[in-house]
Amino acid sequence: MSIRRQELSSKQLALILLLPSILIILCVVIGPLIFAFYLSFFKAEPIIGGISTKFIGFSNYIHYFLKDPLFWSSVRVTSYFTVVSLVIELILGISIALVLNKSFIGRSFVRSIILLPWALPTVVNARMWEWIYAGSSFGALNGLMKVLHIFPADYDKVWLGFDVPLQNIPLIGNFMEWVGASTALNMIILADTWKVTPLVTLLVLAALQTFPDSLYEAAGIDGASSWHQFWNITLPLLRPVLLVVLVLRTMELFRVFDIIYILMQYSIRVVGVYTFETGMKFLNFGRGSALSFLVGLFILGISLIYVKLLYSEEV
Amino acid sequence: MGIGKARIKKHMSRIILYVLVVLIVVWTLAPFAWLFVSGLFPYKELISDRTTSWFPENPTFKNFQAMFDMSSHIGQRFMYSLRNSFIISGSVTIICLIFGTLAAYALARLKFPFKNNIVMSLISIRMIPTVALVIPFFVIIRTFDYYLIQANSNFHFYDTKINLIILYVTFILGFVIWIMRGFFLTIPTELEEAARIDGCTRTQALIKIVLPLSAPGLVATGIFTFLLAWDEFVLALVFTKTTNSITIPVFISALGSQYIHAFDQIAASGFVASLPPIVLALIFQKFLIKGLTAGSTKG
């Protein structure tokens, strides 16, 4: 009897504790999401006092899959952004973590300042790099290139330009053009990587510190080279944290908006920018909703992988 | 001979290590340092050839002062957006911590039906891109405001801080619940059980035992929330217009135009605007790293 009362009060308490959060999330996230799904089947435009809607079935979705080349080019450019950023972030993040895991004078200082780029607001980061990339003689990167004699003294590169690097090499050049990998996009990848790599570094570093030294000592006695140690001991042990980073970062990279919109407005159409343009610039709410839904579904798919990984790897 | 070689090798690897460390430090600090130094340039020197002019000949704090000068248009906008960002991020942090902690406790400790489903859906919600929510939000808020105006109400949602606070709370709340749940799971249940045997109720045990123990988690989560709210751009871009509600990201993104470089203003205001998050992150570093790991790896 008393056990049953305990059970009941536990459920009631859970309800009381969860209710405010669930209500907030239901009303302000789930509600609008369902509304967006509903809108995606309509031709919806703003009129005074709301919107005019006309039911058009799956036309919005069909439009994107069959008729709209911009949609596919935005998928390509977003995929390029995501994959290239991920590769650089992982390699750089792991390398920096391995260096910072060694003992050296001033290690705790270096470990603290590593957080700085991560804490910088995205908008400040975007405009800071815009200034560094300034395409004239007062841009810091152009200045640096000239000081290092990589560029001749009278040459200034437009870093946020639309020319495609490696354009003259067959196949690679064609591929770069096909995905829309302009110089501007590559420079934005660099700027974004600068901000996010510390996160990868810190997560990897935290994992590295939990590894027992005895593992490496044994390998050292066995005469394994450091490359072997990394490949056969460190990397397999890092697998769980790397998987988490991989999935989390894929989701965040795929929905990128801020830095690209601030630096290039609508001229590099990643999926996020294209959605925003359709919905908020052309006020085509139905089509914009359909696009948001496609993006949302994709990200939901990745997040399900994430959940699966967490439950199989960590617990 | 062999020993000498080994020593040289050891020295070499030390030297390489320090070179790498210096490279990492320069890579991390140089861009931000350049932003600060740029803020010290008078405008004329700022727009000059970089091969010769890396430091201002006549360094000045004028750019920074201009941002805090309430008599100028730009200073006024900056001060108001700074104020709005503090009010919005602060409120969002407090609201999210209160509701999020309660929900997280229930999800970490209590047994009830559909628990796993709720946890799963929280993770998924946290992943929804804000760009995808902007369109329904916009339509709903437009419609609300239309009827509010029809009803001669003084209150409306567009261009108010309250609107942004509500929207921010929703997309950050799931995140807060998720991280706090991770922290609660690391606190051993024995302590709570002992307290309850001594006659505490669940609520008392929560307030007297669990909350004090999870204080580091609360600090970390609070800072995360603050940083997320301080950083948010899309929603603020769509739903703010005047000094009544514009936030720092919107202010900084709007500086300059097609015809005018405003890099002196961008450098000064950008530096000032990044100070609160950077100072918070550096002071509470240890908690943050713990939170990052707890939030992203603990199932």
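Predicted model: local features only at pLDDT ≥ 70, side-chain atom pairs only at ≥ 80, totals over all residues.

Eight residues from domain 1 of chain B and seven residues from domain 2 of chain B make the contact.

I then asked which helices supply the domain 1 side. Helix 1 (2-40) and helix 2 (43-46) of chain B each give at least two residues to the side of domain 1 that touches domain 2. Helix 1 of chain B gives the most, with four residues. I sorted this side of domain 1 of chain B by class and got six nonpolar, two polar and no charged residues.

Next I turned to the two chains. I find 80 residues of chain A in contact with 83 residues of chain B. On the chain A side, helix 1 (residues 2-39) gives the most, with 17 residues. That side of chain A has 55 nonpolar, 18 polar and seven charged residues.

Last, I checked the backbone angles. Leu283(A) is not a glycine, yet has a positive phi of about 50°. I place Leu283(A) in the loop between helix 13 (271-281) and helix 14 (285-314) of chain A. Leu283(A) counts as partly exposed because 15 other C-beta atoms lie within 10 Å.

Asn152(B), also not a glycine, has a positive phi of about 60°. Asn152(B) sits in the loop between helix 6 (130-150) and helix 7 (161-186) of chain B. With 6 other C-beta atoms within 10 Å, I note Asn152(B) as exposed.

Definitions and conventions. Residues numbered from 1 in each chain as written. Chains lettered and ligands numbered in written order. Contact = placed C-beta atoms within 7 Å. Nonpolar A, V, L, I, M, F, W, Y, C, P; charged D, E, K, R; others polar. Buried ≥ 20, exposed ≤ 12 C-beta atoms within 10 Å, placed from the backbone.
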